[in-house]
Amino acid sequence: MNRILPFVLTAVLGAHPVWADGPGPEVVTPLIAQSVSEHILPRTQAFAQSATALAETAQDDCTTAQAGLEAGFHQAMDDWTAISHLRFGPTEHDDRAFALAFWPDGRGKTPKVLTGLLQSDADLSEAAFREVSIAGRGLYAMEFLLFDQPVMDVGTGARRCAVIAAVATDIAANAQAIAADWQEDFGDELTNPGAGRVYHTPPESVQELFKAATTGLQFTIDTRLGRPLGTFDRPRPKRSELRRSERSLRQVEMSVEGTQELAMILAQVNPALRTRIGAAYDQVHVLIDALNDPVFASVSDIQGRLRVEILQIQIAEVRDLMLAELGPALGVGTGFNALDGD
């Protein structure tokens, strides 16, 4: 399913990296284990907890729980975005990532599917809802239900509450399944590769992690920032991610935070390089903090556009540094599009 994502890495990674000029498994294997224990497991568990809390809030009368629903949405979205670069294994199983995060939605399918659900008496049981189009599921559908007035005005109050509860329950189920799969099985598959397992060698495992970090950065560069920037003659601020909930800049911040945590673990292979990567990420955070534009509305203004472009360039510098130096330091070679499936 990765093939449908709307961008391609300009620098590519090897399908089967070798250790020729890199560290041996005795160096990299602990980094893989640490990536799982200190990044993936706690982050996926945090998302499962916040998604479950959102679902519990949604079981209340949503006409009186709006503030709680909005707060729960923001926390769950923070936690999802911080792991959204982990597009392999448990997030890919049963298309969970797409069921959680159907975006970009270039054809405007989400409001159409939600309008249909709100106007109908379709079964909203947990099992039945799994058969609903992914455009009507997940966190991006929840944003429409909580922040888009045209969608919020469709149907009766009771039906709206029922749809909100169904969407939240579905989000929680996927988040819990992702966390459980990592805890019970896939963390071990990644950490202990071998014959007959998902990953055969430590190079394959470390490649997966490195690819996740760099691909996450690329998505932010090309999509989270590239879509609203559009072209100089035709900026597209209304294409900003989650603009209805004023989260466009927050999405960049949380995705950067997630990839940074993983990158800094992997970069322990070379302490001097780790310092440089950390400094490059620090500069990204400085630019984010200085950009007082939560929905990238300023891209229509020359000066505002320049500030967003500078942020985009700085994130690209982080990615380029990782591709040029961290990949070789880890023994990861070149040879295929990092967004291709296995």
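**Briefing: backbone exceptions, a disulfide and a covered helix**

Asp95 is partly exposed, with a relative accessibility of 32%; buried means under 20% relative accessible area, exposed over 50%, and partly exposed in between (1.4 Å probe, protein chains only). The model is predicted, and local features need pLDDT of at least 70, side-chain atom pairs count only at pLDDT 80 or more, and totals for chains, interfaces and linings use all residues. Residues are numbered from 1 along each chain as its sequence is written, and side-chain values use heavy atoms, with hydrogens and water left out.

**Positive phi**

- Most residues other than glycine have a negative phi, and most peptide bonds are trans.
- Asp95 is not a glycine, yet its phi is positive, at about 55°.
- Asp95 sits in the loop between helix 2 and helix 3; helices (H or I, at least four residues) and strands (E, at least two) are DSSP runs, numbered from the N terminus.
- Leu242, also a residue other than glycine, has a positive phi near 50°.
- The loop between helix 9 (202-229) and helix 10 (248-266) holds Leu242.
- Leu242 counts as buried at 3% relative accessibility, whereas Asp95 counts as partly exposed.

**Cis peptide bond**

- Trp103 and Pro104 are linked by a cis peptide bond, with omega near 5°.
- Pro104 belongs to the loop between helix 3 (96-100) and helix 4 (109-119).

**Disulfide**

- One disulfide turns up in a search of the whole structure; the criterion is a pair of cysteine sulfur atoms within 2.5 Å.
- Its partners are Cys62 and Cys161, with an S to S distance of 2.0 Å.
- Cys62 is in the loop between helix 1 (25-58) and helix 2 (66-81), and Cys161 is in helix 8 (residues 157-191), so the pair ties together parts that are 99 residues apart in sequence.
- The disulfide of Cys62 and Cys161 is left-handed because the torsion about its S-S bond is about -95°.
- Cys62 is buried, at a relative accessible area of 1%, and Cys161 counts as buried at 12% relative accessibility.

**Helix 6**

- Helix 6 spans residues 138-147 and is mostly covered, with nine of its ten residues buried.
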